[in-house]
Amino acid sequence: MSIEIVNESGVAVDEESIVSVARFALDRMEVSPLAELSVLMVTLESMEELHQQWMDLPGPTDVMAFPMDELDGRRPDAAEASSALLGDIVLCPDFAAGQASEAGHRLDDELRLLTVHGVLHLLGYDHAEPEEEREMFGLQRRILSEFTDAAIDAERRSRRRNADDRVLGAVGLDEPARSDDGNGADRHRGS
């Protein structure tokens with residue numbers, strides 16, 4: 001899965017985290033691994049222009065999704081794997097920072113939420129009607145929860161691996177099982 005990220009917002013963000021949550025959401029939605037996605041982060045002014053141009057609404061917004069027409073009427077999560085350009089997700093970190101503050105969490109958390117929201121829009125989900133909103137927001141919560149659980153589990157495994165490596169190093173078991181005797185011949189360590 002190809003995910004390109006470009007930050008033109010002037011705000012420092014954890015780009016790796018945004019790519020990770022986008023990839024996680026696409027995997028959970030069973031989107032073809034051949035799919036391509038673009039994530040662009042823009043300034044308030046740029047987002048305001050896009051919002052006015054495409055939605056005919058004043059002021060900036062947090063996220064916009066621009067699906068591509070290359071899907072030939074097929075959803076990118078169709079059973080048959082094929083290359084598909086999903087489209088673009090445009091995020092506005094400055095706008096998202098205010099929302100994060102109001103919600104009582106970090107900007108990176110808000111940007112992950114908005115990324116998943118954008119992915120779902122690219123896949124055809126919407127929240128214009130109450131039933132659609134329940135479905136989309138429920139799916140968004142589930143994906144974010146699973147992503148958080150997976151990240152916590154990966155961190156736990158990494159800490160355990162590091163602790164194991166320190167113990168093995170302390171007892172000398174981190175050395176290679178064979179060593180070169182200087183004459184090009186390998187010798188086995190005695191046991």
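**Core, sheet and confidence**

Reply: Start inside. This is a predicted model. Its largest nonpolar core has 35 residues, and Leu37 and Leu91 touch the most other members.

Me: Which elements supply at least two residues of this core?
Reply: They are β1, α1, β2, β4, α4 and α5.

Me: And which gives the most?
Reply: α1 does, with seven residues.

Me: What is Leu91 in contact with, neighbours within four places aside?
Reply: Its contacts include Ile18, Val39, Met47, Val63 and Leu111. Leu114 and Thr115 are also among them.

Me: What other core lies apart from the largest one?
Reply: One of seven residues. Val42, Leu50, Phe66 and Val90 are among its members.

Me: OK, now the sheet. What is the strand order?
Reply: β1-β2-β4-β3. The sheet is open, has four strands and shows mixed pairing.

Me: Which strands stand at the edges?
Reply: β1 (2-7) and β3 (63-67). Each has a single partner strand, so one side of each has no neighbour in the sheet.

Me: How many degrees are neighbouring strands turned against each other?
Reply: On average 15 degrees, with direction ignored.

Me: How many bridges join β1 to β2, and is the run parallel or antiparallel?
Reply: Six bridges, and the two strands run parallel. β2 covers residues 36-41.

Me: Which strands does helix α2 lie across?
Reply: β3 and β4 (85-91). Helix α2 (residues 44-55) runs at about 50 degrees to β3.

Me: What about α4: which strands does it touch?
Reply: α4 packs on the sheet and touches β2, β3 and β4. The direction of α4 makes about 145 degrees with that of β4.

Me: Switching topic. How many aromatic pairs are there?
Reply: Two. Take Phe24 and Phe147: their ring centres are 5.5 Å apart and the planes stand at 75 degrees, so this pair is edge-to-face.

Me: Where do those two sit in the chain?
Reply: Phe24 is in helix α1 (residues 15-28) and Phe147 is in helix α5 (residues 130-170).

Me: Are they buried or exposed?
Reply: Phe24 is buried, and Phe147 is too.

Me: And what is the pair of Trp54 and Phe66 like?
Reply: Their ring centres lie 5.8 Å apart, with planes at 70 degrees, so the pair is edge-to-face. Trp54 is in helix α2 and Phe66 in strand β3, 12 residues apart.

Me: Is Trp54 buried or exposed?
Reply: Trp54 counts as exposed, at 51% relative accessibility. Phe66 is buried, with a relative accessible area of 19%.

Me: I clicked on Gln140. Where does it lie?
Reply: In helix α5. Gln140 is buried, with a relative accessible area of 5%. Residues up to four places away aside, Gln140 touches Leu113, Val116, His117 and Leu120.

Me: Last thing. What is the mean pLDDT of the chain?
Reply: The mean is 86, and 83% of the residues reach 70 or more.

Me: Where is confidence lowest, and where highest?
Reply: Lowest in strand β6 (residues 186-188), at a mean of 47. Highest in helix α4 (residues 107-122), at 97.

Me: Over which residues does pLDDT stay under 50?
Reply: Residues 70-77 are one such stretch. Over residues 186-191 the pLDDT is below 50 too. Where pLDDT is low, the predicted coordinates should not be read in detail.

Technical notes. Residues numbered from 1 in each chain as written. Predicted model: local features only at pLDDT ≥ 70, side-chain atom pairs only at ≥ 80, totals over all residues. Heavy atoms only, no water. pLDDT = per-residue confidence, 0-100. Contact = heavy atoms within 4.5 Å. Pairing = 2+ DSSP bridges. Axes fitted to C-alpha atoms, helices over the stretch in contact; angles between N-to-C directions. Phe/Tyr/Trp six-rings, centres within 6.5 Å; stacked < 30°, edge-to-face > 60°. Buried < 20%, exposed > 50% of the residue type's maximum accessible area, 1.4 Å probe, protein only. Core = buried A, V, L, I, M, F, W, Y, C linked by side-chain atoms within 4.5 Å.
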